[in-house]
Amino acid sequence: MKTTRTYQLPSFLANPKLYLKLRYLLGYMFDVANIQAKEVEDEELMKKYAWVVYSWDVEIIEPIKIFDQIRITTFAIKMNKFYAYRNFIIEKNGKIVVKAYCVFLLIDIERLRPAKIPEELEKAYGNEKSVYNGRKIDFEDDFEKEETLQIRRADIDLNLHVNNAAYLDLIENLSQISDQDVAYFKIIYKNEIRNKDFVKGFVKNKKDSSEFKLVSEEGKVYTYGKIIKRDV
């Protein structure tokens with residue numbers, strides 16, 4: 001099953017150069033996924049479960065500007081044990097400008113542990129042919145810079161932890177790469193940021209890329225990933 005929605009982008013989601021911030025790019029894709037979930041999921045069944053994001057792999061073919069009209073389509077491509085794999089396609093003027101591969105993890109709410117995806121849930125979503133399977137990325141661990149990053153109240157979502165999309169604002173502070181200059185990014189979520197005022201950020205900036213990691217003061221890894229710059 002595919003779900004599609006069209007959006008006219010407002011000016012208040014812009015960065016200083018009038019491009020859509022990456023945080024809101026993810027937010028729009030989340031919105032379409034949530035619309036689909038409401039359409040296909042059994043409300044009673046889902047009282048036991050919650051979806052959490054494990055990773056994003058996003059290829060930005062052309063940066064999106066404020067006032068653009070975009071068309072977002074999402075669909076499940078497969079489910080395997082605890083994991084659901086999903087594609088997103090964003091089009092502008094009939095042309096694909098963003099492709100994304102997202103992995104979700106199903107959680108048992110009471111046990112707070114991964115749960116095997118019920119067969120009826122898998123059937124409800126169906127399986128579509130994948131159009132983007134992400135990239136294989138090798139990560140380095142020899143970071144060259146460390147910063148302390150403040151968690152803002154605006155970063156906290158209704159689940160009382162830092163919203164997955166809000167991580168991108170923290171990462172932008174580390175990488176110093178503007179939204180319109182990002183051609184690709186991969187972010188893997190290991191642990192949620194909850195009840196924290198500050199986190200430690202590590203980064204290694206190169207000419208064409210930036211690798212990052214967010215950790216607690218005790219060394220717990222919250223997230224890590226990589227950004228590849230656009231040729232400009």
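Modeller: A residue is called buried under 20% relative accessible area, exposed over 50%, and partly exposed in between (1.4 Å probe, protein chains only). The model is predicted: local features need pLDDT of at least 70, side-chain atom pairs count only at pLDDT 80 or more, and totals for chains, interfaces and linings use all residues. Residues are numbered from 1 along each chain as its sequence is written, and side-chain values use heavy atoms, with hydrogens and water left out.

Biologist: Is leucine 18 buried, partly exposed or exposed?

Modeller: Leucine 18 is partly exposed, because its relative accessibility is 47%. Its place is the loop between strand 1 (2-8) and helix 1 (22-40); helices (H or I, at least four residues) and strands (E, at least two) are DSSP runs, numbered from the N terminus.

Biologist: What should be noted about the phi of leucine 18?

Modeller: Most residues other than glycine have a negative phi. Leucine 18 is not a glycine, yet its phi is positive, near 70 degrees. Phenylalanine 67, also not a glycine, has a positive phi of about 80 degrees.

Biologist: Where is phenylalanine 67 found, and is it buried or exposed?

Modeller: Phenylalanine 67 belongs to the loop between strand 2 (49-60) and strand 3 (69-80). With a relative accessible area of 55%, phenylalanine 67 is exposed.

Biologist: Why does serine 216 count as buried?

Modeller: Serine 216 counts as buried because its relative accessible area is 3%. The loop between strand 10 (209-215) and strand 11 (221-229) holds serine 216.

Biologist: Which residues does serine 216 touch?

Modeller: Leaving aside residues up to four places away in sequence, serine 216 touches Lys200 and Tyr222, where contact means heavy atoms within 4.5 Å.
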